[in-house]
Amino acid sequence: MFETIKFLIKKLAQDRTAAIGVFLILSLILIAIFAPILATHPADITEFHPPERLQGPSSEHYFGTDRMGSDIYSRLLYGARITIAIALIAISVSVVIGVPIGLLAGYYRNWVSDALMRVSDIFLAVPQIILAIAIAQTLGPSIQNVILALSATYWPFWTRLVYAETRSALNEPYVEASIALGASPSRVMILHVLPNISSSIIVRTTIGMGGTILTAAALGFLGLGPPPPSPEWGRTIAESREFLPEAWWYAAAPGIAIFLVVMGFNLLGDGLRDILDPRTRRSKGG
Amino acid sequence: MFNRLIWFFPTVFGLLLLVFTISHIIPADPVAFLAGDNATNEQIADLRAQYGFDRPLYIQFINYVMGTFQGDLGISLYTQRPISDDLLGRLPATLELTFVSVLISAAIGVPLGVIAAVYRNSVADHILRLITVSGLAIASFWLAILFQLFFAMELQWTPLQGRIDGWGPDHITGFFLLDSLLVGDWESFGSAFSHLVLPVATLAFPAMATIMRFTRAGVLDAINSNYVLYEQAMGFPERIIIWKYILRNALIGTVTQIGLIFGLLLAGTVVVEAVFDWPGLGLYAVQSIMNSDYNAIMGFTLITGTMFILINLLVDVLQGVMDPRSEL
């Protein structure tokens with residue numbers, strides 16, 4: 001395990017784009033953790049200063065102020081916490097639901113596994129954002145409901161992936177051997193199949209983080225995210241619209257933040273895929 | 001192929017069940033909402049009976065399925081019109097936007113993908129990769145606002161929002177570009193075209209990035225294959241090998257992608273239509289969200305989901321035709 005991590009870090013450091021991805025993600029995490037220290041106006045998450053509204057970037061307000069006169073820079077830092085919380089919890093739930101279902105459906109060949117795959121097909125049949133909108137709208141705008149809506153729509157991606165990988169792993173000699181030696185199904189699934197398909201799961205999860213952050217921001221933009229005065233990035237962009245083009249900074253900062261974070265996860269995902277799965281090497285053929 | 005067709009109806013049925021389930025976990029009581037604040041308990045009970053909410057759940061579900069197959073998606077709680085009429089009237093606007101975006105993204109993405117593969121690891125390839133990575137990381141609503149800010153507000157090259165100035169061409173198909181061409185209404189055509197530019201650019205950017213990525217990978221696969229080596233040995237001009245033989249094989253994977261992208265664009269229109277005030281299905285969905293119009297949102301989910309399932313089916317069939325080796 002330790003050797004694997006050392007190998008990964010070494011390889012990632014050699015891959016320039018993946019290293020940029022790691023840098024962006026680490027920055028996000030550090031910003032989220034140290035938001036209270038880094039923020040110049042931490043009270044502005046809930047406090048308003050109407051006389052100072054819609055001021056441009058200055059040494060007092062790095063990214064300007066919003067329609068309530070709050071400091072956009074400070075709110076942006078706290079918004080990173082919301083983004084991380086939503087993406088991390090929603091993706092974890094999706095993995096925890098999706099992976100075991102995929103393993104079971106892939107290992108057993110009976111009507112239950114067919115039924116499980118059909119259910120995941122139905123969820124995949126609707127575009128994720130549409131289903132998430134329907135669920136979030138029904139439950140009402142809050143962080144918990146955004147997480148619920150995203151988890152409910154994203155788990156089948158892991159089921160599909162793990163199902164396909166498990167089916168092909170079952171044909172491998174090492175799995176046949178362990179079955180022939182009398183290993184129990186749970187032992188085969190957890191000790192033999194899962195470790196060998198984990199790299200696909202890791203890659204899918206990394207890229208999935210980026211997609212989830214985009215969907216969560218879109219829900220926030222549509223007014224289905226955490227309610228005001230939440231500093232959620234998508235909502236901030238929606239708020240800024242009536243003050244364009246004059247208050248351009250209002251929309252610029254959260255949009256760039258979303259872009260950099262999603263970019264970070266996509267770059268890391270691409271880099272991990274190159275390292276973990278030599279079959280799909282990006283630089284193939286040259 | 002047959003297998004796919006068989007699963008179409010169960011999948012749509014499952015979608016119905018899913019939408020029905022979501023719409024019945026509503027914490028608020030839609031009937032109480034409909035009746036207003038001053039309604040008596042009897043009035044609410046009457047309404048409940050009228051909408052069938054007093055019957056057992058499975059009867060409600062059966063009625064819902066029967067109604068849906070007869071084209072009845074219920075009445076919008078807000079517009080008080082049949083939801084199917086609302087959705088049908090708005091469908092052409094969304095389809096026009098989606099079609100044009102798919103066309104543009106494929107027309108730009110495929111050649112750029114080929115160029116990136118043929119000149120791999122060149123400066124051009126690196127620049128194109130940067131564009132691809134950005135296209136997949138940018139939030140479409142933010143890109144839409146950026147476009148509005150620069151091209152509509154600052155430079156004033158394009159209209160800010162909306163679908164057309166004036167009434168639009170005579171209604172034939174509901175596609176403004178097509179209708180204005182059919183009746184020779186050049187003014188409407190120009191207006192419809194200029195209104196399309198920004199929403200299409202927003203939708204097409206990430207789509208183009210995906211298509212470029214897949215074309216590049218497909219072409220790279222083909223370049224290393226034996227038949228290309230054979231053609232090179234036979235002395236075919238490089239240009240013909242690339243654009244005729246390699247591209248044909250590489251495009252099989254791309255066609256699948258374009259199908260999937262069509263579905264994703266359909267979903268992407270929700271946000272893009274909201275920003276550009278484009279009177280399609282997406283804007284209807286957003287307005288329904290604002291008005292807590294549950295029925296309308298469920299109708300929208302059902303229609304979009306069904307279209308998505310149909311598109312995937314079509315892609316599978318098309319892929320089978322183009323590549324007889326593929327298992328269906």
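**The core and its surroundings**

Modeller: Not counting residues up to four places away in sequence, Ile133(A) touches Leu219(A), Leu222(A), Leu224(A), Val270(B), Ala285(B) and Ile289(B), where contact requires C-beta atoms, placed from the backbone, within 7 Å. This is a predicted model, in which local features need pLDDT of at least 70, side-chain atom pairs count only at pLDDT 80 or more, and totals for chains, interfaces and linings use all residues. Residues are numbered from 1 along each chain as its sequence is written, while chains are lettered from A and ligands numbered from 1 in the order in which they are written.

Ile133(A), Ala218(A) and Phe141(B) touch the most other members of the largest nonpolar core, which has 167 residues. Such a core is a set of buried Ala, Val, Leu, Ile, Met, Phe, Trp, Tyr and Cys residues joined through C-beta atoms within 7 Å; buried means 20 or more other C-beta atoms within 10 Å of the residue's own, exposed 12 or fewer, and partly exposed in between, with C-beta atoms placed from the backbone. The largest share of this core, 18 residues, comes from α9(B). Helices here are DSSP runs of H or I with at least four residues, strands are runs of E with at least two, and both are numbered from the N terminus.

Helix α9 (residues 186-223) of chain B packs against helix α11 (residues 238-276) of chain B at about 160 degrees, with axes 8 Å apart. The axes are lines fitted to C-alpha atoms, for helices over the stretch in contact, and angles run from 0 to 180 degrees between N-to-C directions. α9(B) and α11(B) are therefore roughly antiparallel, a term for angles over 145 degrees. Their contact holds 16 nonpolar, 9 polar and no charged residues; Ala, Val, Leu, Ile, Met, Phe, Trp, Tyr, Cys and Pro count as nonpolar, Asp, Glu, Lys and Arg as charged, and the others, Gly among them, as polar.

The contact between the chains takes 39 residues from chain A and 44 residues from chain B. On the side of chain A that touches chain B, the elements giving two or more residues are α5 (111-125), α6 (128-139), α9 (185-221) and α11 (248-276) of chain A. α11(A) gives the most, with 9 residues. By class, this side has 26 nonpolar, 9 polar and 4 charged residues.

As for chain A itself, 11 helices and 0 strands are assigned, and 50% of its 286 residues are buried.

Technical notes. Parallel < 35°, antiparallel > 145°, perpendicular 65-115°, else oblique. Contact = placed C-beta atoms within 7 Å.
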